[in-house]
Amino acid sequence: MNFNHLPLFFILIVAYSGFSQTTKTGPIIENHGAVWKIDNPDFKTDKSQEFKVVFDVKDGPESDTEINRNLNTVARFLNMHAQSGIPASQLTVALIVHGTAARNLLTDKAFKERYNVDNPNSELVESLLEAGVEVIMCGQSSKTRGLPKEDLIPGIKIALSAMTANIQLQNQGYRPIKL
């Protein structure tokens, strides 16, 4: 028996197993929000209910060239539920942004003027808006950080504060997820 090819065999098996299980984006947000498929989970997802959620994002990445992983989590939420068979009509999502994450809502032009690079989050934020996510900037963060509405990606709303927006949305039945 020839065992000279045994190490190569094991390398191929390991490589194949890595390719057979990958994350997938879409169908709601195509270029972001990759998730794993979970086959036959023990805790079953009730596909008949509405998933009404408000994400509270205050932390942004330290680097000017990184995508905010917390914003990407909103895309993951949408994609994982849609991939699991929940219609987009049952996914009602709001996103409140404040703190260091506020700058992630700037247009490429405004971001480049401040940080000398395009906003790595602009495509993701625009995709979230196109998918019907209500994106709300804390007005207090807007003023504190010098981020006026005209410098924000079109479609973003400014609230009195993140706290105010959170209370109002929770009073409307949104479930909070703080990131």
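Biologist: How much space lies in the largest pocket?

Modeller: About 490 Å³, where a volume is the space filled by probe spheres set on grid points joined across faces, edges and corners. A pocket here is an open set of points on a 1 Å grid over the protein atoms alone, where a 1.4 Å probe fits, with protein on both sides within 12 Å along at least five of seven lines; lining residues have an atom within 4 Å of a point. Of the 19 lining residues, Trp-36, Lys-37, Ile-38, Met-80 and Ser-84 are the closest to the pocket's centre. Keep in mind that this is a predicted model, with local features needing pLDDT of at least 70, side-chain atom pairs pLDDT 80 or more, and totals for chains, interfaces and linings using all residues. Residues are numbered from 1 along each chain, and side-chain values use heavy atoms, without hydrogens and water.

Biologist: Happy with that! Why is Asp-151 called buried?

Modeller: Buried means under 20% relative accessible area, exposed over 50%, and partly exposed in between (1.4 Å probe, protein chains only). Asp-151 has 18%, so it counts as buried. Its salt-bridge partner is Arg-114, with the closest N and O atoms 3.2 Å apart.

Biologist: And what is Arg-114 called, by its relative accessible area?

Modeller: Arg-114 has 31%, so the name is partly exposed.

Note on methods. Salt bridge = Lys/Arg side-chain N within 4 Å of Asp/Glu carboxyl O.
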